[in-house]
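Please read the numbered points with the model in view.

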Amino acid sequence: MPEGDAIHSAARRVGAALIGTKIVDIETPQPRHALDRWPERLEGRAVRAVDAHGKHLFIRFDGGLTLHSHLRMRGAWGVYERGRRWRRSPRRAWLVIRTAEHEVVQFDGPVLELMTDARARSDRRLAALGPDLLADDFDESRFLTRLREDDQTRGIGDALLDQRNLAGIGNAWKSEGCFLAGINPWRRLSEVSDEEALAIVRELRPRMLASAERGGRIVGTSVFERTGLPCPRCGARVRARGQGDDNRTTYWCARCQA
Ligand SMILES: [Zn+2]
C-alpha cells in the first residue's frame with residue numbers, strides 16, 4: 001500500500017511532468033467517469049501545482065479546479081515519456097493526462113474526483129486530516145493534540161494509522177516507527193508519553209523524507225513483513241498480529257519494544 005513517502009514522491013514526479021507545460025489531452029477511460037466531462041472542463045487549463053497531504057494527492061489547475069486522488073491499497077501513479085510502455089495495463093487506467101513529452105496515469109484509483117478549490121477547502125474528510133508528517137512545516141504539537149483527543153485505550157500502533165491523528169503513515173512505517181523508538185505498538189495511548197509519541201515521529205520523518213527522494217519504496221525494514229526472523233537488535237523472533245478495527249498486521253519485537 002502506498003504510504004505518504006510514495007505519494008509525496010509521486011506528487012514530485014507528476015508535478016515535474018505537468019507544471020509549466022501545455023496539457024494536450026485528458027482522458028478518463030472508465031465508464032464511471034464518462035458523464036463527468038472532465039476533458040471538457042479541464043480543456044485549455046494549465047496545471048499550477050501538484051502537492052500531497054499524507055496519502056492524498058492534488059493536481060491543481062488554473063481557474064480553481066483541483067483533481068483529488070487517493071490510491072487506497074492498490075492504486076498507483078505512473079509518469080512515462082510518450083511512447084514508453086506503461087507498467088500496468090491500459091485497462092486499469094482511470095486518468096491519463098498527456099503533454100507533448102509525457103503521459104501521467106493514475107491506475108486502479110478508487111478515489112478520483114474533480115472539485116472546485118472552494119470545495120477542496122471545505123471538504124470534511126480532507127479538513128479532518130491530521131498534520132502531514134512529510135510537510136515542510138510539520139506541526140508536532142498539532143499531532144499531539146489530535147493524539148490526545150483520540151480514544152486513549154487505543155493501541156499506539158493502531159492510532160498511528162488513523163489519518164486524523166497524523167497523515168502519511170501506513171502499515172509498514174507504523175511498525176518500523178514503533179520498533180525504531182523501542183515502543184510496544186500494543187501499548188494504550190494512556191500509557192504512551194508525549195515524548196515517546198514524538199520519538200516515533202522523529203524517527204520516521206527523516207526516513208520517510210529520504211524514501212520519498214528514492215521513489216517512495218521502503219527498503220531494508222527491521223520488523224515489517226519479517227515474521228519469525230531475528231530482530232536486528234536483539235535476535236528474538238519478530239512477531240506479527242492483526243491490530244485495530246481493520247485488523248492490520250502489526251510487526252514487533254516483544255523483547256526490545258517495552
Ligand atoms: Zn529485539
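1. Histidine 102 in β7 has glutamate 81 standing opposite. In this predicted model, strand β7 (residues 102-107) and β5 pair in the antiparallel sense, over six bridges.

2. These strands belong to an open sheet of four, with the order β1-β6-β7-β5 and antiparallel pairing. The edges are held by β1 (25-27) and β5 (76-81); each has a single partner strand, so one side of each is left without a neighbour in the sheet. On average, neighbouring strands here are turned by 10° against each other, direction ignored.

3. Helix α1 lies across β5, β6 (93-98) and β7, and runs at about 35° to β5.

4. Helix α7 (residues 171-180) is mostly covered, with 10 of its 10 residues buried. Among them are Trp173, Lys174, Glu176 and Phe179. The buried residues of α7 pack against α1 (4-18), α6 (156-161) and α8 (194-213), as well as against the strands β9 (239-243) and β10 (248-252). Just after α7, glycine 182 adopts a positive phi of about 70°.

5. The zinc ion has as protein donors the SG atoms of Cys231, Cys234, Cys253 and Cys256, at 2.2 to 2.4 Å. Their spacing in sequence is C-x2-C-x18-C-x2-C. The arrangement is tetrahedral because the four donor atoms subtend angles of 99 to 126° around the zinc ion.

6. Is cysteine 253 buried or exposed? Cysteine 253 is buried, since its relative accessible area is 0%. Cysteine 256, with a relative accessible area of 22%, is partly exposed.

How values were computed: Residues numbered from 1 in each chain as written. Predicted model: local features only at pLDDT ≥ 70, side-chain atom pairs only at ≥ 80, totals over all residues. Heavy atoms only, no water. Donors = N, O, S within 2.8 Å, 3.2 Å for Na, K, Ca; no water. Tetrahedral: all angles 85-135°; square planar, octahedral: opposite > 155°, others 65-115°. Buried < 20%, exposed > 50% of the residue type's maximum accessible area, 1.4 Å probe, protein only. Helix = DSSP H or I, 4+ residues; strand = E, 2+ residues; numbered from the N terminus. Contact = heavy atoms within 4.5 Å. Pairing = 2+ DSSP bridges. Axes fitted to C-alpha atoms, helices over the stretch in contact; angles between N-to-C directions.
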